[in-house]
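Visitor: Please walk me through the side-chain contacts of this model. Keep it brisk.

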Amino acid sequence: MMKVLVLNGSPKKVSDTMTMTNAFLKGLTEKGSYEVKIISVIDKNIRFCQGDLSCWFRQDGHCIIQDDMNDILDEMAASDIIIWSFPLYYYGMPAVLKTLLERTMPFMKYNMYTSGNIVEHETLVDLKAKKNIILTGCGFPYFEDNYAPLKLHMRNVFGEPTMVCVYESSLMNIPAPELTPLKDQLLDQFTAAGREYDETGKISDATRDILEKPLLPNEVYIDIINHSAD
């Protein structure tokens, strides 16, 4: 049975991105082929990396800082699939998840090498060898460069992760009856994408295009958001 680790990077108790991620998991696990563990990062004690770097020489996959991160490192090392679920904050990961990512330094070794256009460290645990799925939503409508910084970051860290970037995800928490069919449709599409990933090991370009298609025209979405606090 394959192990799936979900890292929920939202600082909110009710997360739009986790709503979509749970729909994806529903489709993925219908056949019972996966063992799923969900970690809400905001609930964990994860201190900032101190740049000690002794982990690169000990090579035991653990950090010298005694907090919750070492248990998470063990979970990551044992997982076949890691789902990174988070909202877009200032064109990148929320701080809690970025801190976790920085604390994966114990997976690296001291020696480095050139790989394509970037320089990388040799690894004790190779995150790029994992099946990484990035599921992220944002409160903006579509514009071309909205996710550009994040996509570059994720490719540098994970190589070629499966990545779905959802625009207008803030509609999930607006209790307007007229929006319910659109939200239900999107969640059904995420469930179908989970089934597809179970069957093929990937999300096709066609499926990703469906998931990433804005639910509403930009002007309509902006008007709804601007009046949602009235």
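## Aromatic and charged contacts

Guide: One aromatic cluster is formed by Trp56, Phe57 and Tyr110. Bear in mind that this is a predicted model.

Visitor: How many aromatic pairs does a search of the whole structure find?

Guide: The search covers the whole structure. Its count of aromatic pairs is seven.

Visitor: Is the aromatic pair of Trp84 and Phe158 stacked, edge-to-face or tilted?

Guide: The ring centres of Trp84 and Phe158 lie 5.0 Å apart. Their planes make an angle of 45°. Stacked needs under 30 degrees and edge-to-face over 60, and the rest count as tilted. So the Trp84 and Phe158 pair is tilted.

Visitor: How many residues apart are Trp84 and Phe158?

Guide: Trp84 sits in strand 3, residues 81-87. Phe158 belongs to helix 5, residues 148-158. The pair links distant parts of the chain, and the separation is 74 residues.

Visitor: Is Trp84 buried or exposed?

Guide: Buried means under 20% relative accessible area. Trp84 has 0%, so Trp84 is buried.

Visitor: What is the angle between the planes of Tyr142 and Tyr167?

Guide: Tyr142 and Tyr167 form an aromatic pair, 5.1 Å centre to centre. The pair is edge-to-face, a class that needs over 60 degrees. The angle between the planes is 70°.

Visitor: How far apart in sequence are the parts that this pair ties together?

Guide: Tyr142 lies in the loop between strand 6 and helix 5. Tyr167 lies in the loop between strand 7 and helix 6. So the pair ties together parts that are 25 residues apart.

Visitor: What separates Glu102 and Lys98 along helix 4?

Guide: Glu102 and Lys98 form a salt bridge, with the closest N and O atoms 2.4 Å apart. Both are partly exposed, Glu102 at 33% and Lys98 at 29%. They are four residues apart in helix 4, so the separation is about one helical turn.

Visitor: Which residue forms a salt bridge with Arg208?

Guide: Arg208 is partly exposed, at 25%. The closest N and O atoms are 3.0 Å apart, and the partner is Asp205.

Note on methods: Residues are numbered from 1 along each chain as its sequence is written. This is a predicted model: local features need pLDDT of at least 70, side-chain atom pairs count only at pLDDT 80 or more; totals for chains, interfaces and linings use all residues. Side-chain values use heavy atoms; hydrogens and water are left out. Rings of Phe, Tyr and Trp (its six-membered ring) pair if their centres lie within 6.5 Å; planes under 30 degrees apart count as stacked, over 60 as edge-to-face and the rest as tilted. Helices (H or I, at least four residues) and strands (E, at least two) are DSSP runs, numbered from the N terminus. Buried means under 20% relative accessible area, exposed over 50%, partly exposed in between (1.4 Å probe, protein chains only). A salt bridge is a side-chain nitrogen of Lys or Arg within 4 Å of a carboxyl oxygen of Asp or Glu.
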